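This report describes the fold of one protein, from its overall layout down to single residues. Please look over the sequence and the structure below before reading on.

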Amino acid sequence: MKKTNLIILLVVLLGGATYMGYLSQIGTPATAAPVSAPSELPDFTLNDINGKATSIHEVAGDKPTLFIYFNSTCHLCQEELGELSKRIEEFKDYSIILTTVQPLDEMIDFATGLGIKEKSNVHFLLDSNMEVASFLQIRSVPSIYCYDADKQLVAEYVGITKIDLLLEKLGG
């Protein structure tokens, strides 16, 4: 009986070693690289909350820019933008561009509810043809991008992101 168990163990170990050697020869499967936003703030012309055609670069100006792609029915977006609106004064030195694909009336209602619609540094833009969503490869909202004053990407996030972290990335 002991001899049989020893033979079985030897066969299993030899088989396992052979299999591991085989795996090392074929390598590991390739993994997809993480999707990353283009390194520069896109410059599309979209309609603002008043229906006026507006260039993203024009509203960003020469300030660091917080660009958020959102959907007003998304509870994560509601939470993120709710927190942002509570601390909006801390963003006075930055441009904030909030973009959605939703119908204009929904965007207006949401913007009004946030209480930041009238801030001069806050811009709501409608991506009705999904040009920006396609360009940035938006897969989930909120998608948050921090750009420096030269319109170069500093950081990108998906989902709820701490306001302190956004301020740090914009000011850093």
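Which residues does Ser85 touch, not counting residues up to four places away in sequence? They are Leu114 and Ile116. The model behind this answer is a predicted one, and every value in this report was computed from it. Ser85 itself sits in helix α3. Ser85 counts as buried because its relative accessible area is 17%, and the cut-off for buried is under 20%.

**Overall layout**

The protein has six helices and seven strands. Read from the N terminus, its elements follow the order α-β-β-α-β-α-β-α-β-α-β-β-α. There are 172 residues in the protein, and 40% of them are buried. The exposed surface comes to about 10100 Å², of which carbon and sulfur atoms supply 56%. Among contacts with a separation of 6 or more, 70% are between residues 24 or more positions apart.

**The sheet**

Seven strands make up an open sheet with mixed pairing, in the order β2-β1-β5-β4-β3-β6-β7. At its edges are β2 (53–55) and β7 (153–158), each of which pairs on one side only. Direction ignored, neighbouring strands of this sheet are turned by 30° against each other on average. Strands of a sheet pair through backbone hydrogen bonds, and the pairing can be parallel or antiparallel.

Two of the pairings can be followed in more detail. Strand β1 (residues 45–48) and strand β5 (residues 122–126) run antiparallel and are joined by two bridges.

Helix α3 covers residues 75–86, which is twelve residues. From its first C-alpha to its last, α3 reaches 16 Å, close to the 16 Å expected at 1.5 Å a residue. Its buried residues are Cys77, Glu80, Leu81, Gly82, Leu84 and Ser85. An α-helix has 3.6 residues a turn, so residues three or four places apart point the same way.

The largest nonpolar core has 46 residues. Those that touch the most other members are Leu66, Phe67, Phe70, Leu84, Phe91, Leu98 and Phe124. What is Leu98 in contact with, leaving aside its neighbours within four places in sequence? The list is Ile68, Phe70, Leu81, Leu84, Ile116, Val122, His123, Phe124 and Leu125. Leu81 and Leu84 in this list are also among the buried residues of α3.

**Single residues in helices and loops**

Asp109 belongs to helix α4 (residues 104–114). Is Asp109 buried or exposed? It counts as exposed, because its relative accessibility is 57% and the cut-off for exposed is over 50%. Asp109 and Ser72 are 37 residues apart in sequence, while their C-alpha atoms are 9.0 Å apart in space.

Two residues have a positive phi although neither is a glycine: Met130 and Lys151. The table sets out their values.

| Residue | Phi | Relative accessible area |
|---|---|---|
| Met130 | about 55° | 46%, partly exposed |
| Lys151 | about 70° | 14%, buried |

Met130 lies in the loop between β5 and α5. The term for Lys151 is buried because its relative accessible area is 14%, whereas Met130 is partly exposed, at 46%.

Another loop holds a cis peptide bond. This bond runs from Val141 to Pro142, and its omega is near -5°. Pro142 is placed in the loop between α5 (131–136) and β6.

Definitions and conventions
Residues are numbered from 1 along each chain as its sequence is written. This is a predicted model: local features need pLDDT of at least 70, side-chain atom pairs count only at pLDDT 80 or more; totals for chains, interfaces and linings use all residues. Side-chain values use heavy atoms; hydrogens and water are left out. Two strands pair if DSSP finds at least two bridges between them. Helices (H or I, at least four residues) and strands (E, at least two) are DSSP runs, numbered from the N terminus. Axes are lines fitted to C-alpha atoms, for helices over the stretch in contact, and angles run from 0 to 180 degrees between N-to-C directions. A nonpolar core is a set of buried Ala, Val, Leu, Ile, Met, Phe, Trp, Tyr and Cys residues joined through side-chain atoms within 4.5 Å. Buried means under 20% relative accessible area, exposed over 50%, partly exposed in between (1.4 Å probe, protein chains only). Contact means heavy atoms within 4.5 Å. The expected span of a helix is 1.5 Å times one less than its number of residues. Accessible areas come from the Shrake-Rupley method with a 1.4 Å probe; for residues, only the protein chains shown count as cover.
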